[in-house]
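I looked up what surrounds each.

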Amino acid sequence: KVVAVIMVGGPTKGTRFRPLSFNTPKPLFPLAGQPMVHHPISACKRIPNLAQIFLIGFYDEKEFTLYVSSISNELKIPVRYLKEDKPHGSAGGLYHFRNLIMEDSPSHIFLLNCDVCCNFPLPDMLDAHKRYGGMGTMLVVKVSAESANQFGTLVSDPVTNELLHYTEKPETFVSDLINCGVYIFTPDIFSAIEDVSNDREDRVTANLRRLSSLDISTSTRTNIPTDFVRLDQDILSPLSGKKQLYTYETMDYWEQIKTPGLSLKCSGLYLAQFRLTSPHLLASGDGKRSATVVGDVYVHPSAKVHPTAKIGPNVSISANVRVGPGVRLICCIILDDVELEDNAVVINSIVGWKSSLGRWSRVQADGDYNSKLGITILGESVVVEQEVVIVNSIVLPNKILNMSVQDEIIL
Ligand code: GDD
């Protein structure tokens, strides 16, 4: 048997995702019309003998109850949300729930970050991992030399694929091969995490002894949490070059989803993937009474789109949205309950829940996914009045915009 664990983090993480993470946990933000975490979860469905999927995070359980029960029914695989009482780090979180994870005595454990976008080649990783015979195998990808230092960078043996050297977010260039945040481990990973935590405990005790022998007051003693273990710095770095960790390189697309701009890009990547895996989820635009559709578009069944509207490419329209006559949408995410009145235009933007755009209004941006104002974001319940134009801006929730703005953050 095999189990999969997806690390979802918690409310103190994902701050670069504001204002979109104010009311919705980042892992549930929709990409291509499905919650972010849905994409790795549905990739897990392709793993042979998968017994369970666990989501581990420190968000309130309530946030995930509905999603977890509906996805369990849909996939016919138990999906459970396990809540940490506090952040334990990416490896510490896994270790904290080791008894539950080992319940079915799995031979292998997949571990996935929720905020990466790729085609998750999990069955191929499992085959490669079995061939290598190590404790863990990590998905890796080549990125541009300029961007490599934002990730865990590594050197792997070109013949055996062994992980030889690993540095998390290095200050100078190490390699353009990086860690994708997708792993497979044998249960030995738990002993490796335990060793780190025990080592820390020993060091803390030694420190305390030293401090008390020097007669330093207790208030100056630092309190290192021994159960906080990071997978990258504490496990991958020290275990590289010891024939325990191996790499599996993907030649396909891979992106990290830290900002709203990147979420728009990833939404497009997932829509393109639906073309191959689930074409029934894409709008066809066939039929006299449906809108003109260009490229890959997702429209929630409850949305009402006027037949004279033109939408796409890379457009996702969520539940209960109303798209009026003559509306033009290009490269955007329109969230639940949005109202778009006649001839409104949205380009390279995300329109927040319950917002409304008046007639002939425009919400747009240049579409530079990597720059802060490269896409326009409207938070929840923003009103853009008719004929108003919003360009390259971020608008916080509940604002009423009756004048055009450009390159602004409206607080
Ligand atoms: N449950 C839980 N508890 N999840 C956590 C915790 C924690 O205490 N800390 C982090 N996570 C989750 C995050 O939500 C994310 O899915 C994943 O663990 C990794 O988060 P970080 O540790 O913040 O690292 P990162 O995202 O900056 O970088 C990692 O991923 C990159 C790929 O996207 C590193 O592993 C990099 O090396 C890697 O390139």
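Which strands and helices each supply at least two residues of the shell around the ligand? I found strand E1 (2-9), strand E4 (50-57), helix H3 (89-96), strand E10 (163-168), strand E11 (177-185) and strand E13 (254-256). Helices (H or I, at least four residues) and strands (E, at least two) are DSSP runs, numbered from the N terminus.

The model is predicted: local features need pLDDT of at least 70, side-chain atom pairs count only at pLDDT 80 or more, and totals for chains, interfaces and linings use all residues. Residues are numbered from 1 along each chain as its sequence is written, and side-chain values use heavy atoms, with hydrogens and water left out.

Ligand shell. I noted 28 residues around the ligand (a heavy atom within 4 Å). The closest are Glu84, Gly89, Glu168, Asn179 and Lys258. By type, the shell splits into 12 nonpolar, 9 polar and 7 charged residues.

Polar contacts (N or O pairs within 3.5 Å). The side chain of Glu84 has an N or O atom 2.5 Å from a ligand nitrogen. Ile56 places a backbone N or O atom 3.0 Å from a nitrogen of the ligand. For Asn113, a polar side-chain atom is 3.0 Å from a ligand oxygen. Of the 730 Å² of accessible area that the ligand has on its own, the protein covers 92% (Shrake-Rupley, 1.4 Å probe).

Second largest pocket. I read a lining of 17 residues, with His38, Ser42, Phe274, Thr277 and Ser278 nearest the centre. Helix H1 (38-44), helix H2 (61-75) and helix H8 (260-277) each give two or more lining residues. The lining divides into 7 nonpolar, 8 polar and 2 charged residues. On a 1 Å grid over the protein atoms alone, a pocket is an open set of points where a 1.4 Å probe fits, with protein on both sides within 12 Å along at least five of seven lines; lining residues have an atom within 4 Å of a point.

Technical notes:
Polar contact = N/O pair within 3.5 Å; in protein donor to acceptor, adjacent residues only side chain to side chain. Nonpolar A, V, L, I, M, F, W, Y, C, P; charged D, E, K, R; others polar.
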